[in-house]
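I opened the model today and kept notes as I went. The entries follow in the order I looked things up.

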Amino acid sequence: MSVQPALVAKDADAAATIEGKGARRRSRREPAERRGSSSWSLTIVLLLCAVTVVIPLYVTISMAFKTQGQSVDGNAFSLPAPFSVEGFVTAWTLTDYPRAFLVSILITAGSVVGTIILGALASFAISRNWDRRLFRYSFYYLLGAMFIPFPVVALPQIQLTGLVGLDNPLGVTLLHIMFQLSFSILLFTAFLRSIPTELEESARIDGASTWQTFWQLIFPLLAPMSATVGIFAFLASWNDFMMPSLITSDPSLQTLPVLQNIFQTQFSSNYNVSFASYLMAMAPAIIVFLFTQRWVMEGVTQGAVKG
């Protein structure tokens with residue numbers, strides 16, 4: 001008779017253990033279910049965002065390869081039948097595409113190279129002299145410049161570039177560098193803080209100067225962030241319309257985005273020519289972004305975590 005309470009207690013303990021395991025399984029299953037539902041909602045949001053980009057791109061490509069008659073039939077989503085390149089030929093001639101493309105490439109290349117070099121140099125000086133008030137305040141000053149858009153200071157910039165003879169693609173390049181420098185320094189400085197200073201101390205022990213330390217040691221380590229900064233600088237410079245249109249005084253030295261404005265007035269009814277010109281103008285930016293997009297997030301995330 002004395003054995004039965006022990007058996008009952010043992011059975012109760014076993015039941016409690018089984019119930020506890022079941023509760024733990026349910027608790028593990030519930031977060032998994034919540035994660036699954038949240039991932040589905042995020043997927044739906046991303047799909048909707050993708051649709052807002054894919055549909056206009058599809059319409060642009062479809063309209064560019066249509067004839068003039070097909071482009072005005074009121075059915076923008078229909079496929080070209082037959083495919084035609086007359087829009088590209090006309091747009092190539094009207095915009096003088098080779099010349100405008102060369103001007104855009106020179107301005108963009110100069111902006112990318114200048115932004116990377118100046119941003120890396122300034123960020124290296126600021127990050128390694130953070131304890132000095134001048135460098136720390138300089139960083140805050142540059143960050144404050146991020147909140148000043150170009151339209152706010154457009155008029156004085158136009159006057160200054162005209163006075164010093166920079167109302168040309170060179171002036172546009174310099175202004176692109178200046179207006180992209182704040183954001184670039186922010187990214188470079190965050191990334192430099194993750195590089196241990198012991199590497200620089202070892203180089204100095206070996207007899208390297210500050211200049212040699214930067215170019216031979218630090219700058220190669222900045223390659224991921226330099227790629228990120230270069231991509232942002234390329235997209236901002238290539239797609240810019242306002243600055244070249246206001247600064248460049250010679251119409252023959254205008255960039256591709258500025259020349260697209262001709263299709264909003266004089267040739268607004270030739271939709272196939274307009275869309276063909278738009279596609280030729282944005283094709284380089286799309287190609288560059290497709291091949292380099294993985295470096296954008298990699299550079300940002302590497303600079304956001306201090307190692």
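**Salt bridges**

How many salt bridges does the count come to by this rule? I get two. The model is predicted, so I kept to the cut-offs: side-chain atom pairs count only at pLDDT 80 or more.

Arg-128 is partly exposed, at 22% relative accessibility. Glu-200 is buried, at 6%. The cut-off for buried is under 20% relative accessible area, so Arg-128 does not count as buried.

The other pair I noted is Arg-99 with Asp-96. Here the closest N and O atoms are 3.0 Å apart. Arg-99 has a relative accessible area of 25%, so I logged Arg-99 as partly exposed. Asp-96 is partly exposed too, at 36%.

**Asp-96 and the loop around it**

I stayed on Asp-96 for its backbone. Where does Asp-96 lie? I found Asp-96 in the loop between H3 and H4. Its phi is positive, near 50°, in a residue other than glycine. Asp-96 follows H3.

**Helix H3**

Next I went through helix H3 (residues 86-94). Which residues of H3 are buried? I listed Gly-87, Phe-88 and Ala-91. They cover an arc of only 95° around the axis, which means that they lie on the same side of H3. I then turned to the face directed away from that buried side. The exposed residues Val-89 and Thr-93 are carried there.

**Ahead of H3**

I looked at the loop between helix H2 (68-71) and H3, where Pro-82 has its place. A cis peptide bond joins Ala-81 and Pro-82. Omega is about 0° for this bond.

**Ser-62**

Is Ser-62 buried or exposed? I read a relative accessible area of 3%, so Ser-62 is buried. The residue lies in helix H1 (residues 3-64). I then listed what Ser-62 touches, leaving out residues up to four places away in sequence. The contacts are Ala-76, Ser-78, Leu-79 and Pro-80.

**Surface patch**

I searched the surface for nonpolar patches. Met-146, Phe-147, Phe-183 and Phe-232 form one. Together these four have about 410 Å² of accessible area. I checked Phe-232 on its own. Phe-232 is found in helix H10 (residues 223-238). Its relative accessibility is 34%, so Phe-232 counts as partly exposed.

**Whole chain**

The protein chain has 13 helices and zero strands. Of its 307 residues, 34% are buried. I also looked at contacts between residues at least 6 apart in sequence. Of these, 74% join residues at least 24 apart. The chain exposes about 18200 Å². Carbon and sulfur atoms supply 69% of that area.

Methods:
Residues are numbered from 1 along each chain as its sequence is written. This is a predicted model: local features need pLDDT of at least 70, side-chain atom pairs count only at pLDDT 80 or more; totals for chains, interfaces and linings use all residues. Side-chain values use heavy atoms; hydrogens and water are left out. Patches are made of residues with over 30% relative accessible area and no salt bridge: like charges are joined within 9 Å, nonpolar side chains (Val, Leu, Ile, Met, Phe, Trp, Tyr) within 5 Å. Accessible areas come from the Shrake-Rupley method with a 1.4 Å probe; for residues, only the protein chains shown count as cover. A salt bridge is a side-chain nitrogen of Lys or Arg within 4 Å of a carboxyl oxygen of Asp or Glu. Helices (H or I, at least four residues) and strands (E, at least two) are DSSP runs, numbered from the N terminus. Buried means under 20% relative accessible area, exposed over 50%, partly exposed in between (1.4 Å probe, protein chains only). Contact means heavy atoms within 4.5 Å. The arc is that of the directions from the helix axis to the C-beta atoms.
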